[in-house]
Structures are given as C-alpha cells and as structure tokens.
Amino acid sequence: MALGKDYLGQECAVARALELVGERWTLLVVRDVFYGVRRFSDFQAHLDIPRAVLTARLATLVEAGVLERRRYQESPPRDEYVLTDMGVSLWPAIYALAQWAIQYVPSAAGAVREFAHLPCDTVVDRTGLCPACGRVAPPGELEMRPGPGIHAYKRTDPVSLALRKPHRLLEPLHPVIAAAV
C-alpha cells in the first residue's frame, strides 16, 4: 500500500498542523521568513529548493493565512512574503525543533546560530527564556547571531553570507543581501 499524502481520519491537532506545515521544505521556508528572507529568488538560492516546489509551498502558506504576499515592484510585477500573526505564532515550534536538534542531533561544530533578547542583550536559553529578564522573548525582540558552529557553515549564497552577521528576526534581509554580494 502506498504511503498517503494526508492524515485523513486522524482527529489530532498534530495531524492538522502537519497537514499545513509538515511537507518537506515548508518549515524551512517559514524559518527563512523569520530570518528576513522575503523574495522568491532569495528563498530559492538559500534553500536550493526546486522552483515548482517553492511556488507550491508559498501558495499553500498564503492560502492558509501563514504568509501574506505583498507587491514590492510593479514592472515587472514582483511580490515578497511576510509572516501574518498566524505565521509569527509558529516561532516557538520552529525554535523548539531547532533546540531539540541541537541537543539530540548535534553538529560536531555546534549551533550555527544563537538568538539574543535585544532589550537585555542576552542569549536566550533552549526554551526561549531570557535569563536576564525571565521572559520568553517574542521573535520581534530577538536578534540572530552567529553561533559557535558558524565557522563550519560553508554555504556561500547571498542569503547565507548575509546571515553570518547579526540580524533582527522579522526584519527584511534583502537590503543586507545586496550589500553582501
């Protein structure tokens, strides 16, 4: 029997979530939007994702309300993708999954990125809690910084190069990309 492509018959919140964000590439696209990637060509370059797959994933995320498509250029028409409130609420899941991998599926070099709570200038712990103020830092107050494993990160596309520098989550990365090339 062939493996199904959906979770019909599963009365489970995890199954419903996976219906939307469980396809290969989807969480990486969402992660990149948190990192400031907004443009199709930048997703494609950073993820090495096939064009048709990226088109489908972005369309699904827009249709579901996780992303919003915004026009940034009229001629030729070009859009960028921004997280909605629904999309921003995925941050704890993405962060937790990354922290789980750091602990249980570690890289020999260590974490490539760490996240600092900007108001306190303190790296948050594996639960997202800021040790300085005792709050779970929302993504808009986090700055992504190179972690101890950044030296082993070999990607050289413009997005990867831009992400080697501190960058506030949710802020557009494309001006930095232009400067990094």
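User: Let's start with α4: which exposed residues sit on the face turned away from its buried side?
Analyst: A52 and E63 are the exposed residues there. Keep in mind this is a predicted model.

User: And which residues of α4 are buried?
Analyst: L54, R57, L58 and L61. Looking down the axis of α4, they fall within an arc of 95°, so they line one face of the helix.

User: Why would residues three or four places apart point the same way?
Analyst: Because an α-helix has 3.6 residues a turn.

User: Switching to α6. How far does it reach from first C-alpha to last?
Analyst: Helix α6 covers residues 91-104 and reaches 20 Å, close to the 20 Å expected at 1.5 Å a residue.

User: Which of its residues are buried?
Analyst: In α6 those are W91, I94, Y95 and Q99. They cover an arc of only 130° around the axis, which puts them on the same side of α6.

User: What covers them?
Analyst: The cover includes α2 (26-35), α5 (85-88), β3 (113-117) and β5 (142-146).

User: At what angle do α2 and α6 pack?
Analyst: About 105°, with the axes 11 Å apart. That makes α2 roughly perpendicular to α6.

User: Which residues make that contact?
Analyst: From α2, L27, V30, R31 and F34; from α6, W91, I94 and L97. They divide into six nonpolar, no polar and one charged.

Notes
Residues numbered from 1 in each chain as written. Predicted model: local features only at pLDDT ≥ 70, side-chain atom pairs only at ≥ 80, totals over all residues. Heavy atoms only, no water. Helix = DSSP H or I, 4+ residues; strand = E, 2+ residues; numbered from the N terminus. Expected span 1.5 Å × (residues − 1). Buried < 20%, exposed > 50% of the residue type's maximum accessible area, 1.4 Å probe, protein only. Arc of directions from axis to C-beta. Contact = heavy atoms within 4.5 Å. Axes fitted to C-alpha atoms, helices over the stretch in contact; angles between N-to-C directions. Parallel < 35°, antiparallel > 145°, perpendicular 65-115°, else oblique. Nonpolar A, V, L, I, M, F, W, Y, C, P; charged D, E, K, R; others polar.
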